[in-house]
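Have a look at the model first, then read on.

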Amino acid sequence: MKKIFSNKYICAITAVLCTLLWGTAYPLIKLSYSDMNIQSIPDKLLFAGLRFFIAGIMVFIVCAFMRKNIFDIEKKRIPQILLYALLLTVLHYLLNYIGVGNASATKTSVLSAFSAFLGVLFAPLFFKNERLTLNKIVGCIFGALGVIIVNLGFFSGSFTFMGEGFVLLATFCSASGSLYGKVVSKGKIFEVTAWQLFVGGIILCLIALPFSAHIAFSVKGAFELLFLAFVSAASFSLWTALLVYNDAGKIMIYNLLIPVFGTMWSFIILGEKEIFNPLYIVSLALICVGIVLVNLREKREAEV
């Protein structure tokens, strides 16, 4: 598995595939909210909880086909998996849903993208084999410009702790959860991913239910939920494998493509026209340059 996921071409294709899948979540979640009359924050948390719970079961099934024992987890990993689930699933989505409800969509899009930069900048602090090179710094600058240029309204309006502040905290949880998952998942990538999604989903449901969370299920909505669960199951499993076998910063910079693909899928699924904005092309070009720079090996780095 290491030979496959550490290959630079397979790595790039897989990372783009993960972000392409995650991009479908933007319009599909919006569609699901409408189809199943999901309005309040508890409703949304319950929906997210069910999504990740089902995703966990899907990865458990994959583990069974791969003849992996999902219960063969060392005792020391149990609290680690719980912390992993709390950071990447529970706190990330809990803080994000509250923040999104109190901030503009533009600011949310820009602030959420900072998880990619945090991954690149913080990885050298936690992993001795990773270095913060000039290419990575310049790549982050290009990526930041790409995100901001298509969201020029970012600098307008005020900053509130319950709005933009919570979105930033959610971004921090997402980045730190991904980096922590690189450590926790070594040797047990699919098993740990399954438990992380399964446990995180249950906790989100338990948080939502006391607040009278309600979902009006329909056949269409059920299929949307199942597809979103598949997106989480496939993307998180592949993404974790990429993080384990590669430099975390070089993988996490691909997160910048998620809002770009989200815009593309919003046009395909919802008919939204933002994709025809010329700034969208400029943004995509800058983000791609940023990704290439972050993944470009410097001479001194290649000699190590």
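1. One term to begin with: a residue is called buried under 20% relative accessible area, exposed over 50%, and partly exposed in between. Keep in mind that this is a predicted model. Phe 230, at 40% relative accessibility, therefore counts as partly exposed. Phe 227 falls in that class too, with 36%.

2. Those two residues are worth a look as a pair. Both belong to helix α10 (residues 219–245), where they are 3 residues apart, or about one turn of the helix. Counting pairs of rings whose centres lie within 6.5 Å, you get 11 aromatic pairs. For Phe 227 and Phe 230, the ring centres are 6.1 Å apart and the planes meet at 45 degrees, so this pair is tilted.

3. Which residues do ring pairs link into a cluster? Look for Trp 22, Phe 52, Tyr 93, Phe 236 and Trp 239. For a ring with a charge over it, go to Phe 127: the charged end of Lys 182 sits 5.3 Å from the ring centre.

4. Now for helix α3, which covers residues 41–65. Its 25 residues reach 36 Å from the first C-alpha to the last, close to the 36 Å expected at 1.5 Å a residue. Just after α3, Arg 67 has a positive phi of about 60 degrees.

5. Finally, the surface. Leu 121, Leu 132, Ile 137, Ile 141 and Leu 145 make a nonpolar patch of about 410 Å². Helix α7 (residues 134–149) gives the largest share of that patch, 3 residues. Leu 121 sits in helix α6 (residues 114–126), and its 36% relative accessibility makes it partly exposed.

How values were computed: Residues numbered from 1 in each chain as written. Predicted model: local features only at pLDDT ≥ 70, side-chain atom pairs only at ≥ 80, totals over all residues. Heavy atoms only, no water. Helix = DSSP H or I, 4+ residues; strand = E, 2+ residues; numbered from the N terminus. Expected span 1.5 Å × (residues − 1). Phe/Tyr/Trp six-rings, centres within 6.5 Å; stacked < 30°, edge-to-face > 60°. Buried < 20%, exposed > 50% of the residue type's maximum accessible area, 1.4 Å probe, protein only. Lys NZ or Arg CZ within 6 Å of the ring centre and 35° of its normal. Patch = residues over 30% accessible without salt bridge, like charges linked within 9 Å, V, L, I, M, F, W, Y side chains within 5 Å. Areas by Shrake-Rupley, 256 points an atom, 1.4 Å probe, with all protein chains shown as cover. Salt bridge = Lys/Arg side-chain N within 4 Å of Asp/Glu carboxyl O.
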